[in-house]
Amino acid sequence: MGGIGRSVTRLEDPPLLRGQGRFAADIRFPGELHMRVVRSPIAHGRILEIDTADALDSPGVVAVWTGADVAEIPPIDFRQMRIPGLGDYRQPILAQGMVRYVGEPVAIVIADSPYAAEDAAELVFADIEELDPVMTAVQSPGEFAPGLTTEAGVVRKSYGDLPAAFAAAAHVFELELGVGRHTGVPMETRGAIGYWNADLNRLEMHGASKVPHANRLAIAKMLSLPPEQFHLFEGHVGGGFGIRGEVYPEDVLACLAALRLKRPVKWIEDRKEHLLAANHSRDQLHRLRAAVDANGVVLGIEDEFFVDQGGYVRTHASTVTDLTAGMLPGPYRVPAFAATGHIRLTNKTPAGTYRAPGRYEGTFVRERLMDHVADRLGLDRVEIRRRNLIPAEQIPFRRGLDALGTEVVYDSADFAGLLAKLEAGVDLPALEATLAARRAAGEKVGLGLAYFVEKSGLGPFDDVIITIAATGAVEIVTGAASVGQGVETVMAQVAASVLGVAHTDCTVVHGQTDRIARGMGAFASRVTVMTGAAVTMAAEKLKERLLAKAAQLLQGDRASITLDGCGIPLGELAAACAADDGTPALTAEASFTTDHMTYPYGVHLAVVRVDAETFGMVVERFVVAFDVGRSVNPMLVEGQIHGGAAQGIGGALFEEFIYSEDGQPLSASFADYLMPTLNEVPMVESLVLEDAPSPINPLGVKGAGEGGITAAGAAIASAIENAIQYRINIAQLPVTPARLRSMLQQASGS
Amino acid sequence: MSEPKVTVCCTVNGQKVEADVVPRMSLADMLREELHLTGTHLGCEHGVCGACTIIVNGAPVRSCLMFGIQAEGAEIRTVEGLADGDTLSPLQRAFWEKHGLQCGFCTPGFLMLATWMLEQPEPVTEERLRHVLSSNLCRCTGYTNIVRAVTAAAKEMGKWAESAAA
């Protein structure tokens, strides 16, 4: 029947396979205008003048606006994790006097075709007095604006007695570790269509994604519209990964233009714009001290890190810094811990979240430390982890930290058990023997592994409305969103499990702010946990109603009646209930609330071969062991793992936004920003476990969206060191051939 | 608009069509904007990602790198022409069954590229599959299930050959 646990094919797929998707660029309204953004070519400077005369004279142009034309619109506010002092660093929708990164919007052109808009945009001339750019977050803070330094905020988290840990240490290790600047880069670029709906006297934004309800309130407030007069509509979304769907300047501009001009205004980003203007991520440098006892047990970690935030603080505020600090200790006991994260402004594209924000970085740092300790103490890299893991009997485990405003409590886990299953699953001793034999024969090939703890299912709530029509068709309306991960199928499976119907009889409505009053959207691997719980609750309510009605109609015993055994079609029962209620169809609503996240965990194992001459690196094998509590659709869970792993490989070996000293981005096309192709990604192997179901939600599920990526950088770095037999310490991602060559040359020279 | 337009006559998915386009309009834009075939997607507009891959006169091409006017007289196939009415092609069905797509944005390009590969006389081996499909980008699937889907379709169509032992 397609209930929970079945690898059914997706409800989403037929239109996507036929070319009938409705992505942002596919939406068209009669009489639509097209917006083109003029972007700063300068990393840091003062705007002296913007000449728009030639653009205004260009054929087909309707309007050209600069910062002065939108000065009354406030800057874009934070969606989550605001901390005091960040407000002054928010981004205006068009530059107001200063430009702070190459790609910053300084003007828009609106014309009757995209070609005309792009032609005219080239005629806008911004006269900008160049200032020295700040291109690193590590140097002492400079001036952002009079009275404001480039350090926007500092996040501090700690627990335990750190001085005592260092006093008791047999060894103290100091490491400097960095993760490069890279980001989600969905295959669909961003897009937004502002539409003034005269019939309904309201403004609409089409092409919404991720968090439509939050964005509705945010944009309505910026435009001084009552929320009732503004709705967002999500169509197909070509990938999210954290960066897509936040409120960006362009979204507000398209809506503002539609509101002012009372005509549809369409903005579709091109790829160069995407790489210059959509959120970057990662780019952290950590300075770590660790206190370790004689047996390799880590007694304490003190970490100071620097987050390169780019030109402004965007909607995520302190999210990435917060998660980095709150999740850094991972699966290990680490009795004392202190982290200080500096959010520093630079003159690069502003940064936000990217799949496993803060954990990809923190896991790299922590797992590099584990490898380092193992190597220095002459211990096996698996053994060092075993010695430090939190034992199963200490679960649930209060980490002593908070993340995303919730206390970090590992709700269920068997860390050592998963490690043992992975070792058995890949036959680790035999694999290591094979690799050793290959090395003895001259190959540079090695194995690395890294542990991770993820978080998922962020609250505080999720609402669901389920309606059963007289036909028996089930409609599930949720405030969650779909970024392509299979929300419709999974929620249909959850409802089908409770109601005993086929999942194909269920339709799922998401991302439409006019269909449900509030919603949290899709981020932080939250939908299966939160929306799944709410669907379960609403479906249980309906089931109770339907069973009671069946018992009444059959004059039978409620306890002995089942929905599929009662002989009355579901639609008929639902219609009878609706008649009682005096409503057109039987409906139930439910809200699931929680104060806690749930924590999936796992291990990544990589086998990497290094070419002795070119220093090119090939990932031969990539294995992800991942306990997700319970799989609603195992095929979709594996799909999430595969995709995350490929992105993790990208961040470990290829992807990096590089800048020149004067702030010019050098990775502004797919020829320069290298994403993995099939050539660079092996068939990803996954070992999905359900040994630790979550006790804090009705389904026992944990979010599977991010664990495919989290430890990839750490595992690959470890494998490369193993391949070349520990002559170097890999302290920076991505490990490009040039960096590896230079490290090896330095190592052999010293 | 003062730009002169040119009438392009070509065949798209077996049907004769005409489009009046400005000479600088890309073939992808002509398909999407003039012929309303929005299944062909634009992911980079500089010929790298392959989302806009279509088949022109029997060859896979990046439709973002061709002008519409260059398609005069051409036989063009797009994702909209793969299914036979309600019946998906074996490759489309394999993508569905093997979970070879997530967001679905790159999917039309992969479908057209793989459709072309499966129509060539030479058999499909794992090496050839990896070589050909590595010319397109996907950001969701990690390619693993795309490989499984294309492999399954090749087997069903009798096009699969095990690689020669190394």
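Trainee: How far apart do the C-alpha centres of domain 1 of chain B and domain 2 of chain B lie?
Mentor: They lie 21 Å apart. Keep in mind that this is a predicted model, where local features need pLDDT of at least 70, side-chain atom pairs count only at pLDDT 80 or more, and totals for chains, interfaces and linings use all residues. Residues are numbered from 1 along each chain as its sequence is written, while chains are lettered from A and ligands numbered from 1 in the order in which they are written.

Trainee: Okay, and which residues make up the two domains of chain B?
Mentor: Domain 1 of chain B is 6-80 and domain 2 of chain B is 90-156; such bounds come from an automatic or database domain assignment.

Trainee: How many residues does each of them put into the contact?
Mentor: Domain 1 of chain B gives 13 residues and domain 2 of chain B gives 12 residues. Two residues are in contact if their C-beta atoms, placed from the backbone, lie within 7 Å.

Trainee: Which element gives the largest share on the domain 1 side of chain B?
Mentor: Strand 3 (residues 53-56) of chain B does, with 3 residues. Helices (H or I, at least four residues) and strands (E, at least two) are DSSP runs, numbered from the N terminus.

Trainee: What is the pLDDT of chain B on average?
Mentor: Chain B averages 96, and 97% of the residues score at least 70. pLDDT is the predictor's confidence in each residue, from 0 to 100. For the model, ipTM is 0.98 and pTM is 0.98.

Trainee: Over to chain A, then. What are its domains?
Mentor: The assignment gives domain 1 (13-20 + 458-593) and domain 2 (359-455 + 598-658 + 672-749). The C-alpha centres of domain 1 and domain 2 of chain A are 38 Å apart. In their contact, 15 residues of domain 1 of chain A meet 15 residues of domain 2 of chain A. Helix 14 of chain A supplies the largest share of the domain 1 side, 6 residues.

Trainee: How many bridges link strand 20 and strand 25 of chain A?
Mentor: There are 10 bridges, in the antiparallel sense. As one of the pairs, Leu447(A) has Val607(A) in strand 25 as its bridge partner.

Trainee: And where is the hairpin with Leu404(A)?
Mentor: Strand 18 and strand 19 of chain A form that hairpin, with 2 residues between them, and Leu404(A) in the turn has a positive phi of about 50°. The two strands run antiparallel and are joined by 4 bridges.

Conventions:
Two strands pair if DSSP finds at least two bridges between them.
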